[in-house]
Amino acid sequence: MTLLDMNTFNELKESTGEDFIKELIGTFFDDAVVQMNEMKIAIAAKDAETFRRAAHSLKSNANTFGATELASLARELEMMGRENNFEVGNRLEVLKEAFESVKKELSELR
Amino acid sequence: MSQPSSEPARLLVVDDNKVNRMALSRHLELQGHMVETAENGKEGLEKFSSGMFDLMLLDIEMPVMNGFEVLAACLKDPELRQIPIIMTSAMEELDAVVKCVELGAEDYLTKPINPILLRARVNASLEKKRLRDEQRKLFRTFATKEVAEELLRTGFSLGGKQVTATVLFADIRSFTSIAENQDPVETIDLLNRYFSMMFDAITDNNGTVNQMMGDGLLAMFGAPIFFEDHREKAVRAGLKMLERLKEFNQEQCEQGKTQLHIGIGIASGKMTVGYTGTQNRAIYTCIGDTVNLADRIEEYTKEALHPLIIDNYTREGLPDDIKLDDLGRIIFKGKNQAVNVFAVRGE
C-alpha cells in the first residue's frame with residue numbers, strides 16, 4: 001500500500017519538473033529532521049509555541065507531497081500544541097516511523 | 001491547460017517554510033514572473049515597503065511578525081495598500097483567512113498550492129490592480145488627485161455637505177481679444193501653458209483646481225480634504241500665481257509673444273460642496289454665497305486695479321507677514337450688505 005496520494009505527488013512533479021522536485025524532496029527530508037528534533041526539545045522545555053510551529057510546518061510539507069497520513073499525525077500534534085497539551089504519549093515515535101516510511105517511498109520515486 | 005497571457009510581474013513570496021517558498025517560487029517563475037522571497041513577516045514587510053513589487057503572497061502563520069500583522073501594516077500605508085496581497089494558509093486556518101480578506105487582502109490560496117488556481121488568482125489580482133491603476137490615472141486627469149482618491153474610497157453619489165473653506169477665482173484679462181487676434185492653435189497652447197503654471201501654484205499650496213471655464217479657473221482650499229490654514233494657503237497660492245505669471249510674461253516678452261494679465265478673487269466661509277450633475281456626468285464643485293463673493297471680488301480686481309483681492313474673513317486667517325491694503329467696504333452686485341475687501345501686496 002502506498003503512503004502517498006499519487007495524484008498530488010504527480011501533479012507537483014509535472015508542474016515543477018523532475019530536477020526541481022528532487023531538490024524539494026531533499027529540503028523536505030532535511031527540514032523534517034530539524035522539525036521533529038525541535039518538537040522533542042520543545043516538549044522537554046514545555047514550549048508549546050515552538051512545538052506547535054514545528055508540527056505545523058511538518059504537516060504543511062507532508063501535505064505538499066501528498067503524504068496524508070504523516071500530515072494528519074503532525075496535525076494532531078499541532079492541535080495539542082495549540083491547547084498547551086504535552087501529553088503526547090508515543091505520538092512522536094509514531095510520527096518518526098511514518099516519516100521514515102514516507103522518506104523511503106519518496107526516495108524510490110526520486 | 002489554457003495559458004492566459006499575462007505580463008511578467010515582480011512578486012514577493014513571504015513564508016517561513018522553505019519547502020513552501022521553494023514550491024511557490026518555482027510555480028510562479030514557470031508562469032513567467034520574477035520572484036523574491038522573505039522568511040518571516042518582518043523581512044517581508046521590509047522588502048515589500050521598497051515599492052518594487054506588483055503583488056505579495058503572504059503566509060499567515062509565521063514567527064517574528066505574522067501575516068495578519070504584515071497585512072494590517074500594509075493597509076495603513078497609502079501607497080502599499082494599492083498593491084494586492086494574496087494570503088496563503090493551511091486549509092484549517094480558514095477563519096484567519098476570512099478575517100484577512102475582510103480586512104482588505106485581495107484573495108487567498110490554501111496550501112498545498114494548486115498551480116492552476118495559483119495562476120488564476122495571481123493573474124486576476126494583477127489584472128484588477130492594472131484596472132484600478134488605470135482608473136486612478138484617468139480620474140486624476142479629469143478630476144483632482146484628492147477628488148479621485150475620495151471617489152475611489154467612498155464611491156460616487158450626488159449631493160453635498162456644508163463645509164468652511166476658501167475659494168479662489170482667477171481670470172485672464174481681455175482674453176477674448178487675445179483669442180481673436182491669434183491662431184486658435186496658438187491660443188490653446190497659450191492656455192495650456194498658463195493653466196499648467198497656475199495648477200502648480202495651487203496644488204503646491206494644497207489647493208484643488210475644481211473647474212476651468214474658458215480662461216477662468218476655480219480652486220478650493222480646505223475641501224474636499226479639510227485643513228486648518230485654508231485661508232493662508234489660498235492667499236499664498238494667489239501670490240505664487242502672480243509670481244509665476246511675471247516670469248512667464250518675461251519669457252513671452254523676450255519672444256515677442258502675448259503677455260497675460262489676471263485677476264484673482266478670494267473669499268472664505270461656509271459653502272456647500274459635493275457632486276452636481278447627473279449620474280452620468282457630474283463634477284465636484286462648491287456653491288453658496290462665499291463662492292459668489294469670490295467671483296464678484298475677482299471681477300472687482302479690474303476696477304480696483306489690483307490683481308489679488310480678498311474678503312475680510314480670509315484676512316482674519318492670515319499671518320502678519322502678508323501685507324495688505326484696506327480697500328474699504330464695497331457693495332457688490334446682488335448683495336445687500338457692503339463687504340470689506342483687501343488688496344494683497346505681498347509676503
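Guide: Here is a close look at one helix pair in chain A. This is a predicted model, where local features need pLDDT of at least 70, side-chain atom pairs count only at pLDDT 80 or more, and totals for chains, interfaces and linings use all residues. Residues are numbered from 1 along each chain as written, chains are lettered from A and ligands numbered from 1 in written order, and side-chain values use heavy atoms, without hydrogens or water.

Two packed helices are described by the angle between their axes and the distance between the axes. Helix α1 of chain A covers residues 6-16, and helix α2 of chain A covers residues 18-44. Helices here are DSSP runs (H or I, at least four residues), numbered from the N terminus. The two pack at an angle of about 125 degrees, and their axes are 7 Å apart. Each axis is a line fitted to C-alpha atoms over the stretch in contact, and angles run from 0 to 180 degrees between N-to-C directions. So α1(A) is oblique to α2(A). Under 35 degrees counts as roughly parallel, over 145 as roughly antiparallel, 65 to 115 as roughly perpendicular, and the rest as oblique.

The crossing of α1(A) past α2(A) is right-handed: the near helix is turned clockwise from the far one by less than a right angle. From α1(A), the contact takes in Phe9(A), Leu12(A), Lys13(A) and Thr16(A). From α2(A) come Glu18(A), Phe20(A), Ile21(A), Leu24(A) and Ile25(A). Contact means heavy atoms within 4.5 Å. These contact residues divide into 6 nonpolar, 1 polar and 2 charged. Ala, Val, Leu, Ile, Met, Phe, Trp, Tyr, Cys and Pro count as nonpolar, Asp, Glu, Lys and Arg as charged, and the others, Gly among them, as polar.
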